[in-house]
Amino acid sequence: MKITFYGHATLGIQIKDIHILVDPFITGNEKASAIDIEKLKADYILLTHAHQDHTLDVEAIAKRTGAIIVSNHEIVTHYQNLGFEGHPMNHGGSWDFEFGNVRYVNAIHTSSFPDGKYGGQPGGFIIEGEHKNIYIAGDTALTMDMKLIPLRTKLDLAILPIGDNFTMGVEDAILASNFVECDKVLGYHFDTFGYIEIDHEEAKRKFFEKDKDLMLLEIGESVEL
């Protein structure tokens, strides 16, 4: 499993020959200006919620690639009405895709499209691949529901928001890693704009002091599990 960070909360995940994009927000992110969305591969697009900083490039990428959009019922219905292919889910549900099992789990946040249209309830994803399991938290506060995850899935990586203000920050992300019982964390949803700028070295130090590994990838950088 190869995971690439495209800035903000946008991820590329490659499992064998399947390419998955998560929350594509690239053209609106000045820090990701070096990323050309016309070159991104996508068989599936996973969306945690409807906010513009998670959905801005969905239509352009899905139109070019024919990617299947996976999200909550309301978001998928929105895109199906625009002519895109989608797979609707809801909290607690799971589905066996060709790349592995996906479960849509709780997140505490809001969810609306840029025009104010209701975007269903926000969520996160558990992806259980053939060899590795990951948790993509989406935009969320710390929640006790995270403690349910390790009851079913042993995680190899937790991808957690750490920018604070709109989501949990570093301290709560450390607690979240305890809740999901995963000490290997990829931080995201930070630095894109002023409200969520963080001190990288301080964040890494705080995780290190709790015997945890926080990875902060550069935009375009990848990690393999």
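With the whole chain selected, consider its contacts (heavy atoms within 4.5 Å): among those between residues at least 6 apart in sequence, 58% join residues at least 24 apart. This is a predicted model, in which local features need pLDDT of at least 70 and side-chain atom pairs count only at pLDDT 80 or more, while totals for chains, interfaces and linings use all residues. Residues are numbered from 1 along each chain as its sequence is written, and side-chain values use heavy atoms, with hydrogens and water left out.

Switch to a cartoon view, where the chain shows 5 helices and 14 strands (DSSP runs, H or I of at least four residues for helices and E of at least two for strands, numbered from the N terminus). The radius of gyration, taken over C-alpha atoms, is 16 Å, close to the 17 Å that the globule rule (2.2 Å times the number of residues to the power 0.38) gives for 225 residues, so the chain is as compact as a globular protein of that length. Of those 225 residues, 56% count as buried, meaning under 20% relative accessible area with a 1.4 Å probe, protein chains only.

Next select helix H4, residues 170–179, and display the side chains of its buried residues, which are Val170, Ala173, Ile174, Ala176, Ser177 and Phe179. Finally, move on to Glu181, which follows H4 and has a positive phi, near 55 degrees.

Definitions and conventions:
Buried < 20%, exposed > 50% of the residue type's maximum accessible area, 1.4 Å probe, protein only.
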